[in-house]
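Please read them alongside the coordinates.

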Amino acid sequence: MRNTITQQEAARRVEENIHAVVALLPKEARLEQRLSTPQNCDDPTDNGPRGRVTESHSYQIHDLPPADYNAYFDTIKQWWETHNFQILEDSRPKDMYLWAENKNDSFRISLKANDVGGFYVISTSPCVWPEGTPAPQN
Amino acid sequence: MLGIDSSGNGRAIVAIGNPDTAANVATFVPGTGARLGTCGTDIGRSDSMVDAAKQAGSPSTASITWIGYDAPQDLVAAADEDYAQNARQDLDRFQDGLRATHQGTPSHNTVIGHSYGSTVIGHTARDMNINADDVVFVGSPGTGVSRAEDLGLPPENVHSTVAKHDVIQVTNVFKEPFDVHGPDPAGPMFGGNVFTSDPGTSSWTGYSTEAHSQYWDQENKALNNMGNIIAGKPTT
């Protein structure tokens, strides 16, 4: 079992990825935090190392015109492609969904928009040990 | 907190959002190993499903983590259908209770089962005519029936998924009568709607226990699709 970055560092990088996206949007964009709780990377029946967590933060982006969402997606996709992210999926035009992964640290980030005007950004860390070092296994 | 019982392995019924007013209400039934002491993981999954449903366009969502039964605590015990049989009445009553307390326009109710939790839902639907609009089977060892139509719901409202590398597929290698809980509901002959999951972590065998628990990882297509189903939208 290998060391990882700490959970605190994972949370910092997740937020950094989200705010990099928001910096590309018009200044009137307003974030509402939706989900920001660490989630366990194990399961009661999982025989793998226990104790790892993933930081996953999701935000809804308010106050932007839905008619411009596609253009925002284009801008952000271009930025990711020129800043060491690999595009994992672009589901347009069928679905407004764009998903990317950082080539260095495997942090992932996605954009979503739905048919009722919702616009979301979600970023997730890989599984990490809370303190960066493997927990003692029972 | 809708209910808690610390006797035995413990039971817990915990809601996120307000089931009495939400337009879309999900009940999540976890599987093997579920108990009061581990409900944090399952509540986290409910939280993720509420978020996924909102992202899919649900105007208001509640999700209830229902550990309202004595779940098998290991894989040997999980071969026994008695746990599902003993849970039917409580789950059925719970679904009736959701309908009775809901205010205004009836909500769209979805019951989602993971692993043995799917077996519980299958037995309840088969035997008790479960009061739900949609049922979802995630990584299922079987649901107690051979065909979706035997669950008392329109087949298009019976949704299933299994990850390519989910070790649960090993439980469905043998055919009836050796397939204890019945065929994989995500299999080709079951009928119903099969939706996409990410393949999950692989191993030298082609299967892993990790893949059995990755369905609720953020950006897993399974989670996105569960959000779609809860919101009453089509799956991919």
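Is B:Asp198 buried or exposed?

1. B:Asp198 is buried, because its relative accessibility is 16% and the cut-off for buried is under 20%. Keep in mind that this is a predicted model.

2. The partner of B:Asp198 is B:Lys221. The two form a salt bridge, with the closest N and O atoms 4.0 Å apart. B:Lys221 sits in helix α5 (residues 221-230) of chain B, while B:Asp198 sits in the loop between β8 (193-194) and α4 (209-212), so the pair ties together parts 23 residues apart in sequence. B:Lys221 counts as partly exposed, at 25% relative accessibility.

3. B:Lys221 also reaches across to chain A. It forms a salt bridge with A:Glu89, and here the closest N and O atoms are 2.8 Å apart. The rule finds three salt bridges across the interface of chain A and chain B. It also finds 12 residue pairs in polar contact there, both residues at pLDDT 80 or more.

4. The interface itself: 28 residues of chain A are in contact with 26 residues of chain B. About 2200 Å² is buried between the chains, and carbon and sulfur atoms give 45% of that area.

5. Which strands of chain A supply at least two residues each to the side that touches chain B? They are β1 (30-36), β2 (39-40), β4 (56-62), β6 (96-102), β7 (108-113) and β8 (119-124). The residues on this side of chain A divide into seven nonpolar, 12 polar and nine charged.

6. The fold of chain A has two helices and eight strands. Along the sequence the pattern reads α-β-β-β-β-α-β-β-β-β. Of its 138 residues, 46% count as buried. Take the contacts in chain A between residues at least 6 apart in sequence: 57% of them join residues at least 24 apart. The accessible surface of chain A is about 7000 Å², with 47% belonging to carbon and sulfur atoms.

7. Salt bridges within the chains deserve a look too. The search over all chains finds 20 in the whole structure. In chain A, one network links A:Glu9, A:Arg12, A:Arg13, A:Glu16 and A:Asp105. A:Glu32 and A:Arg34 also meet in a salt bridge, at 3.9 Å from N to O. A:Glu32 is partly exposed at 30% relative accessibility, and A:Arg34 is partly exposed at 26%. In chain B, B:Arg147 pairs with B:Glu149 in a salt bridge, with the closest N and O atoms 3.9 Å apart. B:Arg147 is partly exposed, at 34% relative accessibility.

How values were computed
Residues numbered from 1 in each chain as written. Chains lettered and ligands numbered in written order. Predicted model: local features only at pLDDT ≥ 70, side-chain atom pairs only at ≥ 80, totals over all residues. Heavy atoms only, no water. Contact = heavy atoms within 4.5 Å. Buried area = accessible area lost by both parts, 1.4 Å probe. Salt bridge = Lys/Arg side-chain N within 4 Å of Asp/Glu carboxyl O. Polar contact = N/O pair within 3.5 Å; in protein donor to acceptor, adjacent residues only side chain to side chain. Helix = DSSP H or I, 4+ residues; strand = E, 2+ residues; numbered from the N terminus. Nonpolar A, V, L, I, M, F, W, Y, C, P; charged D, E, K, R; others polar. Buried < 20%, exposed > 50% of the residue type's maximum accessible area, 1.4 Å probe, protein only. Areas by Shrake-Rupley, 256 points an atom, 1.4 Å probe, with all protein chains shown as cover.
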